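Please have the sequence and the structure open while reading.

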Amino acid sequence: MKKGPFANFPLEYKRKLVQVWKHMSTEDREHFINQVTYALAAWGTDKDGRELVAVVIEKLLEDGSMNLADFGLYVDWLMEEGVGNIYPDKERGVKKALSLINSYRLRYELPMTPTKSIV
């Protein structure tokens, strides 16, 4: 059986991912998909590239974001955490993705802080 990028994703986050997706607007879903597309185009769709998407989504959920359209904000977190130490072949691609995604977020006037629930 083939393992995907979400194979080691905690069950709690898988559930949260589904709940967040259900409550997102169609527009925010499109923004999420577009940002992931830019990321994968820049850093590759190989095993490591797909794992990076899962890592970013896990961090987004761990941080309490309630909107997957915040994906691009957490690509910056990858750079801060030293993505080059874990995925040295992806560092240049992550930098490129960050540039593309930041331009996208500015063009569509997406928030520059994560969308979090106030509970």
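In which loop does Lys90 lie? Lys90 lies in the loop between helix H5 (83–86) and H6. The model is predicted: local features need pLDDT of at least 70, side-chain atom pairs count only at pLDDT 80 or more, and totals for chains, interfaces and linings use all residues. Residues are numbered from 1 along each chain as its sequence is written, and side-chain values use heavy atoms, with hydrogens and water left out.

**Lys90**

- Lys90 counts as buried because its relative accessibility is 7% (buried is under 20% relative accessible area, exposed over 50%, partly exposed in between, with a 1.4 Å probe and protein chains only).
- Apart from neighbours within four places in sequence, Lys90 is in contact with Trp43, Gly44, Asp46, Asp48, Gly49 and Leu52 (contact means heavy atoms within 4.5 Å).
- Between Lys90 and Glu12 there are 28 Å in space, C-alpha to C-alpha, and the two are 78 residues apart in sequence.

**Helices H2 and H6**

- Helix H2 spans residues 26–43 and helix H6 residues 91–107 (helices are DSSP runs of H or I with at least four residues, numbered from the N terminus).
- The two helices pack at an angle of about 150 degrees, and their axes are 8 Å apart (axes are lines fitted to C-alpha atoms over the stretch in contact, and angles run from 0 to 180 degrees between N-to-C directions).
- H2 and H6 are therefore roughly antiparallel (the term applies to angles over 145 degrees).
- On the H2 side, the residues that meet H6 include His31, Asn34, Tyr38 and Trp43; on the H6 side, those that meet H2 include Val94, Ala97, Leu100 and Tyr104.
- The residues of this contact divide into 9 nonpolar, 4 polar and 4 charged (Ala, Val, Leu, Ile, Met, Phe, Trp, Tyr, Cys and Pro count as nonpolar, Asp, Glu, Lys and Arg as charged, and the others, Gly among them, as polar).

**Gln35**

- Gln35 is found in helix H2 and counts as buried, at 0% relative accessibility.
- Leaving out neighbours within four places in sequence, the contacts of Gln35 are Ala69, Phe71, Gly72, Ile101, Tyr104, Arg105 and Leu110.

**Glu109**

- Glu109 is placed in the segment after H6 and is exposed, with a relative accessible area of 73%.
- Phi of Glu109 is near 50 degrees, a positive value in a residue other than glycine.
- Most residues other than glycine have a negative phi.

Note on methods. Parallel < 35°, antiparallel > 145°, perpendicular 65-115°, else oblique.
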